[in-house]
Amino acid sequence: MLSRRDLLQHTGMGLGTIALADLLANSTQAASPLSAKQPHFAPKAKRVLHLFMNGGPSQVDTFDPKPALKKHHGKPLSAQLKKDRRLGGAGFASPWKFKKHGQSGIEVSELFPNLAQHIDDLCVIRSMVTEVPNHEPGLMMMNCGDIAQPRPCVGSWLMYGLGTEHDGLPGCVVMCPSGLPTAQSANWRSSFLPGIYQGTYIDSQKRNPKDLVKNIHNTTMLPRQQRRQLNYIQELNEIHRKDRPGDEQLEARIQSLELAFRMQREASEAFDVTREPKYMRAMYGESVHGRQLLIARRLLERGVRYVQVYHGSGQPWDSHNNIQRNHPRLCQQSDRPMAALLQDLKASGMLEDTLVIWGGEIGRTPTVQLPLTSRPGRDHHHDGFTMWLAG
């Protein structure tokens, strides 16, 4: 039994403990390696959205017109051209027409009619090069800056330098439908940076938000029970960590536990596009690419620092054969959602501080191998391809 004085003393101490716990929680949160950080210089961009056209889109059929190819169409290249350009086969003029758009007058293929309406918001770069004309080293170069050596991906560097503005979501999210791209998880690795800065992969083929992030919900206990359990685990982790100072892998695991708990509350809401108005979902379209671009916008506006979205599974843009069937299909899948994304970002003001990147890992040759077939395609080309930036 407690006297009235003992009860008041215990209660008073309890309130103090609650206040202290809140202060410690805030202190722990501020010390998180994922907390937002101030850069050395005032930036224009706060976040990055990378639209990755996996397999290598053809620049000469999309954003880089080559009218001189008409006189070389179907003809073997001269010895000088073969030597200078490292090309073989015969010239292959684009089957699609180009037209100037906007005040800039930048030419865009008829394959991108919707995106062409936003050409004045784009910076088209027609001079991209890489070292090897193959998919895996190309992806590694575009994502990590080296064709072979393990390096942190762009998203990991952004999180390391700037942190993330939302502690309930990963700072770097990669969406690729129906499986991993070439080079797999190496495309979003943290490498020699601490593991907490590694990207989080999402299979965006799935529609149900509960299926997008596996094992996100605990069905056996209430959130407050789970919080108590996690607090106890973290106390044990702290004891374990004291004997292992500087163990970055251990630190990454501890931080991942906290992030996973917070994601139970935040992730389902962020990935649920049904919360968007019908007109917005209609603007992006009901395709996989439209849905994942709408998810990407929702993540960016919630403070996720870096979102990468792959178009298609495997290497859909790798059109060695029948490019006249494959590229129109791929452009149709991506044209409307990308135009909707730019329109949406611009209307909300987010385009002012968001960097949007579009492109693949390599380009395509302006030639085809002889003999010229009824279903021609383009080979890999790394000496001059196209990407664009917006925002």
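Guide: In this predicted model, a residue is called buried when its relative accessible area is under 20%.

Visitor: Why is Thr386 called buried?

Guide: Thr386 has a relative accessibility of 5%, and the cut-off is under 20%; therefore Thr386 counts as buried. Thr386 belongs to strand 13, residues 385-390.

Visitor: Which residues does Thr386 touch, not counting residues up to four places away in sequence?

Guide: With those neighbours left out, Thr386 touches Gln59, Phe63, Asp64, Val124, Ile125, Arg126, Met128 and Trp358. Phe63 and Trp358 are also members of a cluster linked by ring pairs, together with Phe112 and Trp388.

Visitor: How many aromatic pairs does the structure hold?

Guide: There are nine aromatic pairs in the structure. One of them joins Trp157 and Phe192.

Visitor: What makes the pair of Trp157 and Phe192 edge-to-face?

Guide: The ring centres of Trp157 and Phe192 are 6.0 Å apart, and pairing requires centres within 6.5 Å. The planes stand at 70°, and an angle over 60 degrees counts as edge-to-face; the pair of Trp157 and Phe192 is therefore edge-to-face. This pair links distant parts of the chain, 35 residues apart: Trp157 is in helix 5 (residues 154-162), and Phe192 is in the loop between strand 6 (172-175) and strand 7 (200-202).

Visitor: How do you know that Tyr160 and Tyr197 form an edge-to-face pair?

Guide: The centres of Tyr160 and Tyr197 are separated by 5.5 Å and their planes by 90°. The limits are within 6.5 Å for the centres and over 60 degrees for the planes, so Tyr160 and Tyr197 form an edge-to-face pair.

Visitor: Why are helix 10 and helix 11 called roughly parallel?

Guide: Helix 10 (residues 288-301) and helix 11 (residues 323-348) pack at about 20°, with axes 9 Å apart. Angles under 35 degrees count as roughly parallel, so the description applies to helix 10 and helix 11. Their crossing is right-handed.

Visitor: What residues, by class, make up the contact of helix 10 with helix 11?

Guide: The contact of helix 10 with helix 11 has five nonpolar, four polar and two charged residues. Among them are Leu293 and Arg297 in helix 10, and Met338 and Asp344 in helix 11.

Note on methods. Residues are numbered from 1 along each chain as its sequence is written. This is a predicted model: local features need pLDDT of at least 70, side-chain atom pairs count only at pLDDT 80 or more; totals for chains, interfaces and linings use all residues. Side-chain values use heavy atoms; hydrogens and water are left out. Rings of Phe, Tyr and Trp (its six-membered ring) pair if their centres lie within 6.5 Å; planes under 30 degrees apart count as stacked, over 60 as edge-to-face and the rest as tilted. Helices (H or I, at least four residues) and strands (E, at least two) are DSSP runs, numbered from the N terminus. Axes are lines fitted to C-alpha atoms, for helices over the stretch in contact, and angles run from 0 to 180 degrees between N-to-C directions. Angles under 35 degrees count as roughly parallel, over 145 as roughly antiparallel, 65 to 115 as roughly perpendicular and the rest as oblique. A crossing is left-handed if the near helix is turned anticlockwise from the far one by less than a right angle, and right-handed if clockwise. Contact means heavy atoms within 4.5 Å. Ala, Val, Leu, Ile, Met, Phe, Trp, Tyr, Cys and Pro count as nonpolar, Asp, Glu, Lys and Arg as charged, and the others, Gly among them, as polar. Buried means under 20% relative accessible area, exposed over 50%, partly exposed in between (1.4 Å probe, protein chains only).
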